[in-house]
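Trainee: I would like to go through the labels used for this model and ask what stands behind each of them.

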Amino acid sequence: MTVHPSLQTYADAWTHSIEAISELVTPLVEGEWNRRTPCPGWSVRDIVSHIIGMECEMLGDPRPIHTLPRDLYHVTSEFARYMEMQVDVRRHHTAPEMTSELEYTIIRRARQLRNENRAPDTMVRAPLGAEQTLELALRMRAFDTWVHEQDLRATFGVPGNLDSPGAHVARDVLVHGLPKVVAKNAGAPVNSAVVFDVHGPLEFMRTVRVDGEGRGSVDGTPSLGPLATIALDWETYLRLACGRVRYETVADRVKVEGDRDLADAILRNFAVTP
């Protein structure tokens, strides 16, 4: 148990997801590590490399000194370049090398989390040389690990854990991005509301309201007269919000009431992850 219970939720979610990932990849034969995943540009090996790398950074390990190839089409920003470094440096690692490093990293991080006694607002290392609070860092590691668990499950056709502790963390992270999607990305008119009705293993309803200044906010209370209501299942929601699919490919799984043009603009600009 950590000194601060507010961190335990994220530690538990991370533990649940990373153990699930370990179970998924440990039996894989060499060729399966090269399979493409829903995560743009990344194979199974790349996802596991990313997870190992990010956890090593949480442990304070130095970043690898490595030059990226110039032909990585999915690397289109400085943030993507930062993330790709830990991935590309492991692209030629064998299956045993990957599983052993993953196992060792999990052991080290689990020990660190068990002994964690820093306050939630302690500033820690963040990507690109920035800093973030320990609470935010653990929340984002729980979120990131669960999303990549789902990438691997989709790759191997092994659905599951859509209502796990990590799923609840992911819901809160993704919902936090809804106001920007509706108000800025889709340009919803001022003094309007859009309702999201999500069903499946994780059920929730959220309303995004755009005020007179064009600023968006989100809450759990229903709107009596929304401009649009968007109903979809939780798996489709997370795939859209994490940029794993285009709206056109899953439109048959989404039900829209009200302003169709606005709903289409929202769903085409739904991704909130970098």
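**Salt bridges and burial**

Mentor: Start with Arg244, which counts as buried because its relative accessibility is 17% and buried means under 20% relative accessible area, with exposed over 50% and partly exposed in between (1.4 Å probe, protein chains only). The model is predicted, so local features need pLDDT of at least 70 and side-chain atom pairs pLDDT 80 or more, while totals for chains, interfaces and linings use all residues. Residues are numbered from 1 along each chain as its sequence is written, and side-chain values use heavy atoms, leaving out hydrogens and water.

Trainee: What makes Arg244 and Asp151 a salt bridge?

Mentor: The closest N and O atoms of the two are 2.8 Å apart, and the term asks for a side-chain nitrogen of Lys or Arg within 4 Å of a carboxyl oxygen of Asp or Glu. Arg244 lies in the loop between helix H8 (234–241) and helix H9 (247–250) and Asp151 in helix H5 (residues 134–156), so the pair ties together parts 93 residues apart in sequence.

Trainee: Why is Asp151 called buried?

Mentor: Its relative accessible area is 3%, under the 20% limit.

Trainee: Why do Glu257 and Lys255 count as a salt bridge?

Mentor: Their N to O distance is 3.9 Å, which is within 4 Å.

Trainee: Which exposure class does each of them get?

Mentor: Lys255 is exposed because its relative accessibility is 53%, over 50%. Glu257, at 46%, is partly exposed.

Methods. Helices (H or I, at least four residues) and strands (E, at least two) are DSSP runs, numbered from the N terminus.
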